[in-house]
Amino acid sequence: MKNNLSNIKKSQYFLNKEECIAIPTETVYGLAGNAYSDKASLKIFKLKNRLKKNPLIVHYYDLKMLQRDCITNNHFKKLYNKLCPGPITFVLSLKKSSKISKFVTNNKKTLAVRFPSHPLTRRLLKSLKFPLAAPSANISTQISPISKSDVKEEFGTKVKFILDGGNSKIGMESTIISLIGKPSILRLGGIERYKLNKILGIKIKLSNPRSKITVPGQSKLHYSPGIPIILNCNNVKPDVAFILIKKRKKSFKNYFYLTKNKNLKQAAKNLYKTLRKIKNKKYKTIAVEKVPNSGFGEVINDRLKRASFKK
Ligand code: TXA
Ligand code: MG
């Protein structure tokens, strides 16, 4: 507890100086900076080696704080009341009076916003005079980090400070929903689709990245361990890392299980950890068994498809 307090103070110190730090969230760790500061926002892009045209998600403590920057609507209020704080990101219209840096939005009039539930990050957000722009704390196109050591692996000493909040509970990025005009899902993630449909009482469509890439996060190569991935496999050679959803009776050293019991939420949580482990063991190819395409299985398949995309 005492430690947490001094770590929050350290975080405030760096953020107030327009520096970037890594913060824990329930989905993945974020690389955070003052969203009102051009200097801090530019540092995020530079550290991540991220294209400037790829806008950042901004993290808020609560609705009151958000209303300084964004126009809300009924769909938003319904989802906010039921799901926040939690693993969902909303794309909303920016207010003219907003102080959000133009680099965060890439000069656009929309903003992606989120209310993370991790208690340490909530305490930090509550204590600051500005919201935090925070993309996942990984080098662009690579695997998202779910612990302090993952962030270290990505950035070494280039990140000034990592606020340690343990392992991310969900281990998968937030679901992104655009609430400008007709609601549509831009990225599958921590909240299953059916829950959103139920709250809004409509069938929300999933925007298809193949037909139109609206944001780079929908681009084909992403979340990648930098090793070829082959999907829908049954058997593999011993030099290939084999990812399986559920533990098999007969096991080999190259088998990596996502769960003991086929719980897809658990499998999603273990995906990035497993990809990182395989990468560090220096395997040259990854094979994955077929993953059922329902609930969190849909999210896993989305990430695997992009991670396996060949340039
Ligand atoms: O769970 C998460 O969402 C994590 C944690 C740290 O909050 N953040 C995260 O950020 O995944 P990032 O930058 O890795 O992914 C954000 C995605 C990007 O694909 C970006 O293109 C999209 O959100 N995005 C940002 N602003 C947008 C906007 N105004 N309209 C549409 N998409 C946007
Ligand atoms: Mg990311």
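**Exercise 1.** Which backbone nitrogen does the side chain of Thr175 reach, and at what distance?

*Solution.* Start with the ground rules. The model is predicted: local features need pLDDT of at least 70, side-chain atom pairs count only at pLDDT 80 or more, and totals for chains, interfaces and linings use all residues. Residues are numbered from 1 along each chain as its sequence is written, chains are lettered from A and ligands numbered from 1 in the order in which they are written, and side-chain values use heavy atoms, without hydrogens and water.

Step 1. Helices (H or I, at least four residues) and strands (E, at least two) are DSSP runs, numbered from the N terminus.

Step 2. Check its cover. Thr175 is buried, at 1% relative accessibility. Buried means under 20% relative accessible area, exposed over 50%, partly exposed in between (1.4 Å probe, protein chains only).

Step 3. Find the partner. The Thr175 side chain reaches the backbone nitrogen of Gly190 at 3.4 Å.

Step 4. List the neighbours. Leaving out residues up to four places away in sequence, Thr175 touches residues including Pro87, Ile88, Thr89, Gly190 and Leu196. Contact here means heavy atoms within 4.5 Å.

**Exercise 2.** Take the salt bridge between Glu26 and Arg114. Which parts of the chain does the pair link?

*Solution.* Step 1. Apply the rule: a side-chain nitrogen of Lys or Arg lies within 4 Å of a carboxyl oxygen of Asp or Glu. The count by this rule is 12 salt bridges.

Step 1. Take the distance. Glu26 and Arg114 meet at 3.2 Å, N to O. Glu26 is in the loop between strand S1 (21-23) and strand S2 (30-34), while Arg114 is in strand S6 (residues 110-114); the two are 88 residues apart.

Step 2. Check burial. Glu26 is buried at 5% relative accessibility. Arg114 is buried at 2%.

**Exercise 3.** Describe the strand that carries Arg114.

*Solution.* Step 1. In S6, 4 of its 5 residues are buried.

Step 1. Find the parallel partner. Strand S3 (residues 57-59) runs parallel to S6, joined by 3 bridges. Two strands pair if DSSP finds at least two bridges between them. His59 stands opposite Arg114.

Step 2. Find the antiparallel partner. Strand S5 (residues 88-94) pairs with S6 over 5 bridges. Leu92 has Leu111 as its bridge partner in S6.

**Exercise 4.** Which residues are linked with Arg276 in a network of salt bridges?

*Solution.* Step 1. Start with one pair. Arg276 and Glu153 meet at 3.1 Å, N to O. Arg276 belongs to helix H9 (residues 264-280) and Glu153 to helix H7 (residues 148-155), 123 residues apart.

Step 1. Arg276 is buried at 5%, whereas Glu153 is partly exposed at 43%.

Step 2. Complete the network: Asp150, Glu153, Glu154 and Arg276.

**Exercise 5.** What is the geometry of the aromatic pair Phe252 and Tyr255?

*Solution.* Step 1. Set the limits. Rings of Phe, Tyr and Trp (its six-membered ring) pair if their centres lie within 6.5 Å; planes under 30 degrees apart count as stacked, over 60 as edge-to-face and the rest as tilted. The structure holds 11 such pairs.

Step 1. Classify. The centres of Phe252 and Tyr255 are 5.2 Å apart and the planes stand at 70 degrees, so the pair is edge-to-face.

Step 2. Check cover. Phe252 is partly exposed at 43%; Tyr255 is buried at 13%.

Key. Polar contact = N/O pair within 3.5 Å; in protein donor to acceptor, adjacent residues only side chain to side chain.
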